[in-house]
Amino acid sequence: MHYCSSMYAPLKHVIVKHPKDAFQSQAHLSDEWKTFNYLSEPHYEEALREYAEFIGILEKYVETIDYLPIADKAGLDSLYAHDPVKFTPNGAIILKSGKKLRQPEAAVYKTFLQNKGIPVIGELTGEAVSDGGDIVWLDDRTLVVGRGYRTNDEAIRQLKEMTADMVDEFIIVQLPHDLGEAECLHLMSFISMVDRDLAVVHSRLMPVFFRQLLIERGIQLIEVPKEEYDALGCNVLALAPRVCVIPEGNEETKRQLLDAGATVFEYKGDEITVKGTGGPTCLTCPVVRG
């Protein structure tokens, strides 16, 4: 079985977490949303409605959708199933979140994968911390890792070692301070690959060398304006090459995607996306693409 080493090949198998299991109830949200640094308290019933619409879009393309179980140790952020692991062609690497509140999710995830018979090929140890949102497959043999508040040098060293036989090029991108340590800036905050030669980006946050590297590789850049970046317009999930999902309300980004020949699905994400700052790529952990 060849697991995931792409951000845009046809999505066949994905892991998600339902808000009924992450958010649990309105009372639970009331207790926890400030702890997890949400913009405001999500509305539980509305979150379930938004999620049903989101899953409805995935089901058009994705053969297998696995749901992570409810778990005492996993908090509100476990809704964003992308971050605790990263898939490689040989299986999953279990990460350790740079957000302490999220670290217990890794053990729950590991057990889940083992129960499903999905191979775990490695696990971050010691001082290493990294979130899945900082790790991007540019293509099958190129891995890009963001060095920021959520991913440190030791994690990068371990990831490089674990992926050595699968990767020809391992690129480290220094992330900016941006809004600071408490906010979540991932590498995937400002780049989403939608095809091998098409990326949605917010260039103001990109190091010059990385932007130039993309252009040199013949990757067309769709520039997300600042107000749409704030509405998670840069967070675009590819279901297949040039078939993608974006949060509703990002009209300029959507127009550019359509101009580039993409098919664009939208979902209302006020509760499940905006308030917890996690778009469609964060809500999904691709297991198999191809």
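Colleague: What makes you say that helix α3 lies across β1 and β2?

Modeller: Helix α3 covers residues 44–59 and runs at about 145° to β2, where axes are lines fitted to C-alpha atoms, for helices over the stretch in contact, and angles run from 0 to 180 degrees between N-to-C directions; contact means heavy atoms within 4.5 Å. Helices (H or I, at least four residues) and strands (E, at least two) are DSSP runs, numbered from the N terminus. This is a predicted model, in which local features need pLDDT of at least 70, side-chain atom pairs count only at pLDDT 80 or more, and totals for chains, interfaces and linings use all residues. Residues are numbered from 1 along each chain as its sequence is written, and side-chain values use heavy atoms, with hydrogens and water left out.

Colleague: How do you know that β1 and β15 pair?

Modeller: Two strands pair if DSSP finds at least two bridges between them, and 4 bridges join β1 (residues 11–16) to β15, the two running antiparallel. H13, for example, has V288 in β15 as its bridge partner.

Colleague: Why is C244 called buried?

Modeller: Buried means under 20% relative accessible area, exposed over 50%, and partly exposed in between (1.4 Å probe, protein chains only); C244 has 0% relative accessibility and therefore counts as buried.
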